[in-house]
Amino acid sequence: MSTSPTRFLKNSHQRRSQRVLLAVRILVTGVRADGQLISEEVCTSVVNAHGALLQLGERVAIGQLLNVRNLNSNQQLQAAVVAAGVAPSGKSEIGIEFLEPAPRFWRISFPPEDWSPHCPEAKRITLAPTPFPRVISPK
């Protein structure tokens, strides 16, 4: 399991949208400082309506612009690197933020801000009674 960059921890009580642990295949493209192209297929680890947390083999700088293509929907958006750190795997762990909020980019529904499993609207898990297996004794 990886650690979150500091930005995600210090502002966790100020979220603009719900975070969801979700692996979505994306293609990240951009341009290095030396003009070389970056292109890497990765999976997100956390997503929200404003961006994602992911790991790249490539080193990127805070403020760097990247193009992010959702490989399931083929939709592409531009995002900025807002946090960067190093994951235990040695890869760059980065937080990206879309230039415009895009809650539908991930193709999931986000729960409302005030959602909690303790809300009256939250569905309760109910298990059907499990019948005890009949024991048949040998004759």
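User: Which backbone oxygen lies 3.1 Å from a polar atom of the side chain of Q64?

Analyst: The model is a predicted one. The oxygen in question is that of V31, placed 3.1 Å from a polar atom of the Q64 side chain.

User: Does Q64 count as buried or exposed?

Analyst: The criterion for a buried residue is a relative accessible area under 20%. Q64 has 17% relative accessibility and therefore counts as buried.

User: Which residues is Q64 in contact with, leaving aside neighbours within four places in sequence?

Analyst: With those neighbours set aside, the contacts of Q64 are V31, I38, A79, A80 and V81.

User: V31 takes us to strand 2 (residues 25–31). How many bridges join strand 2 to strand 3?

Analyst: Seven bridges join them, and the two strands run antiparallel. Within this pairing, G30 stands opposite I38 in strand 3. The hairpin of strand 2 and strand 3 has five residues between the strands, and G35 adopts a positive phi near 90 degrees there.

User: Which other strands pair with strand 3?

Analyst: Strand 1 (residues 20–21) pairs with strand 3 (residues 37–48) in the antiparallel sense over two bridges, and L21 stands opposite V46. Strand 4 is also antiparallel to strand 3, with four bridges between them. A two-residue hairpin connects strand 3 to strand 4, and V47 faces A52 across this pairing.

User: Let us turn to aromatic rings. How many aromatic pairs does a search of the whole structure find?

Analyst: The search finds three aromatic pairs. One of them is formed by F98 and F105, whose ring centres are 5.2 Å apart and whose planes meet at 65 degrees.

User: Why is the pair of F98 and F105 edge-to-face?

Analyst: In general, a pair of aromatic rings is described by the distance of the centres and the angle of the planes. Planes over 60 degrees apart count as edge-to-face. The planes of F98 and F105 are at 65 degrees, so this pair is edge-to-face. F98 and W106 form a tilted pair, with 5.8 Å from centre to centre and 35 degrees between the planes.

User: Which residues form one aromatic cluster, and are they buried or exposed?

Analyst: The cluster is made up of F98, F105 and W106. F98 counts as buried at 4% relative accessibility, F105 counts as buried at 1%, and W106 counts as buried at 3%.

Definitions and conventions
Residues numbered from 1 in each chain as written. Predicted model: local features only at pLDDT ≥ 70, side-chain atom pairs only at ≥ 80, totals over all residues. Heavy atoms only, no water. Phe/Tyr/Trp six-rings, centres within 6.5 Å; stacked < 30°, edge-to-face > 60°. Buried < 20%, exposed > 50% of the residue type's maximum accessible area, 1.4 Å probe, protein only. Polar contact = N/O pair within 3.5 Å; in protein donor to acceptor, adjacent residues only side chain to side chain. Contact = heavy atoms within 4.5 Å. Pairing = 2+ DSSP bridges.
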